[in-house]
Amino acid sequence: MPSHLGIYASQISGHLASASSYESIATVNVGSGGTTSITFSSIPSTYAHLQIRGYSPSGAYTNMRFNGDTTASNYRYHYTVATGSGSLSSGSAASTAYLPVTGGWGTSSPLAMITDILDYASTTKYKTIRDFEGIDANGSGELYMSSDLWMSTSAISSIVLSRSGATFGQYSSFALYGIKG
Amino acid sequence: MADTFTLIASSTAGAGGVTAFDFTSIPSTYTDLVLKWSVRQDLSAVAASDFIYINGSQTSYIGRWIEASGAGSATSYGYSGNFTYANPEGNGANSTANAFSNAEIYIPSYAGSYYKSFASINAMENNAATAYVSLGANLWSNGSAINRVTISTSATSVTGGAQKFLQYSTAYLYGVSNA
Amino acid sequence: MAAGSTYTKISSYTLGSNQTTVTFSSIPSTYTDLVLIAVPFSTQAGTSSNTLRANFNSDVSSNYSYTLMYGDGTSAVSQRGTNATFASFGSISQTSATAPYISIIHLMNYSNTTNYKSILVRDGRGDEYVEAWVNTWRSNSAINRIDLTRDGSNQIKSGSIFTLYGIAAA
């Protein structure tokens with residue numbers, strides 16, 4: 001083998017796929033009355049990455065939990081937010097994983113979010129979640145880039161999004177996609 | 001239904017790590033490229049930059065990015081020179097153990113004749129107040145079709161230098177087709 | 001759980017001549033989200049880029065608004081636009097530029113007929129600005145048409161590229 005073995009990796013996987021690598025796994029559409037949680041369960045481990053694409057006519061802090069792990073100290077959250085003027089504030093919170101857009105914007109101004117988790121099925125890595133989301137209500141609103149950490153080397157097999165003191169309103173829709181690797 | 005979003009190649013660092021992920025001989029048959037990578041470096045720091053090189057070139061890069069560190073206000077940085085700061089703050093060895101960054105670039109029209117603009121979005125997590133999210137706009141001022149993309153640990157060497165991406169670091173190259 | 005390949009090209013334009021408007025029409029309602037990738041130039045002279053505008057379903061009334069974050073290499077700031085007559089899909093390079101702005105535009109739940117429409121945008125050019133936007137179109141109509149224009153009397157330049165993809169949820 002070349003002397004530079006292990007120095008750099010060069011297109012070694014041979015994954016010359018012929019089918020689409022982007023697949024829909026499951027969707028939750030919220031009906032009348034709303035719901036306080038969105039659950040994706042039995043997530044297959046056969047993809048490399050997950051993407052959640054969400055739309056909700058009402059915004060509120062959304063908590064995110066994986067595999068039923070409710071141990072708060074296993075989570076961490078960081079963010080930056082644009083609020084329509086001035087600088088972008090940045091912050092963090094321990095013991096939580098948020099999808100951060102807050103509520104109070106009215107049911108007509110929909111939240112849009114795209115959340116990406118790379119190597120979600122890894123059994124050697126903690127899980128870093130990247131989120132891009134926002135809501136604009138014609139004179140108010142927020143635009144976030146945020147990240148979360150789930151400190152577990154377990155493969156993600158379930159995801160629960162939940163709101164406290166608020167619901168995901170009717171017509172909310174959250175779709176889970178898998179991206180092959 | 002046409003296959004639009006297709007894995008071209010992927011790579012995982014084995015024991016001992018690697019100094020770069022080097023995607024070569026990229027076919028020109030797609031429209032856009034998407035590169036996703038989840039890495040951790042052995043640099044003794046909380047954060048370590050990942051550098052991108054196009055076609056092995058070490059000239060004509062310029063970029064702007066927004067970066068937030070978990071406190072205060074986000075700021076914006078710029079660079080120009082011999083590399084792309086595609087993930088300006090990835091995980092270094094002093095970040096929380098087992099945490100790997102979540103990074104992505106999107107390169108439209110990579111085989112066309114325009115200068116190559118590409119967008120980056122990154123998250124580096126750490127169980128502490130300081131961690132980083134960033135959003136970048138990058139430009140390689142060269143009209144050549146892209147046939148090689150390298151993610152490197154070095155600002156001076158395409159194939160990496162003293163630092164390594166640690167075992168379990170991964171990189172994935174996708175093609176998006178508008179055919 | 002059902003699974004299915006998705007991420008489908010709907011239509012694509014590489015302009016062979018300067019155009020005042022680039023139109024995606026008769027957009028099917030069968031997807032969940034749309035993704036538009038734009039590599040645009042304008043015919044505007046001078047040294048400044050400007051805004052790539054979008055109107056939905058021929059609506060040119062003041063039914064659009066946005067919240068924006070952008071960085072110029074020194075400062076990261078936020079802005080807001082209200083009661084606008086168009087959505088902002090990022091910036092577009094002037095005619096003399098050698099590099100395009102690029103925009104990645106996500107039109108989320110575009111075909112719902114019960115709520116307003118929310119659009120996330122990331123765009124930038126390495127020697128100018130990096131930007132992210134959330135736009136709202138205050139209409140409960142499904143988006144079936146997108147008109148892209150440049151502000152002022154300028155046009156979208158020959159060679160600009162726009163591709164629309166559909167993503168279908170299970």
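1. A salt bridge is a side-chain nitrogen of Lys or Arg within 4 Å of a carboxyl oxygen of Asp or Glu. By this rule, the interface of chain A and chain B holds one salt bridge. It joins A:Arg130 to B:Glu104, with the closest N and O atoms 3.2 Å apart.

2. The model is a predicted one, in which local features need pLDDT of at least 70, side-chain atom pairs count only at pLDDT 80 or more, and totals for chains, interfaces and linings use all residues. Residues are numbered from 1 along each chain as its sequence is written, chains are lettered from A and ligands numbered from 1 in the order in which they are written, and side-chain values use heavy atoms, with hydrogens and water left out.

3. The contact (heavy atoms within 4.5 Å) takes 50 residues from chain A and 56 residues from chain B. The size of an interface is often given as the accessible area lost when the parts come together. Here the two chains bury about 4100 Å² between them, a value found with a 1.4 Å probe and summed over both parts. Carbon and sulfur atoms account for 55% of this area.

4. Strand β2 of chain B (residues 20-23) is covered on both faces; strands are DSSP runs of E, at least two residues long, numbered from the N terminus. B:Ala20 and B:Asp22 on one side, and B:Phe21 and B:Phe23 on the other, are all buried, that is, under 20% relative accessible area (1.4 Å probe, protein chains only).

5. β2(B) pairs with strand β11 of chain B (residues 149-152) in the antiparallel sense over four bridges; pairing requires that DSSP finds at least two bridges. Within this pair, B:Phe21 stands opposite B:Ile151.

Methods: Buried means under 20% relative accessible area, exposed over 50%, partly exposed in between (1.4 Å probe, protein chains only).
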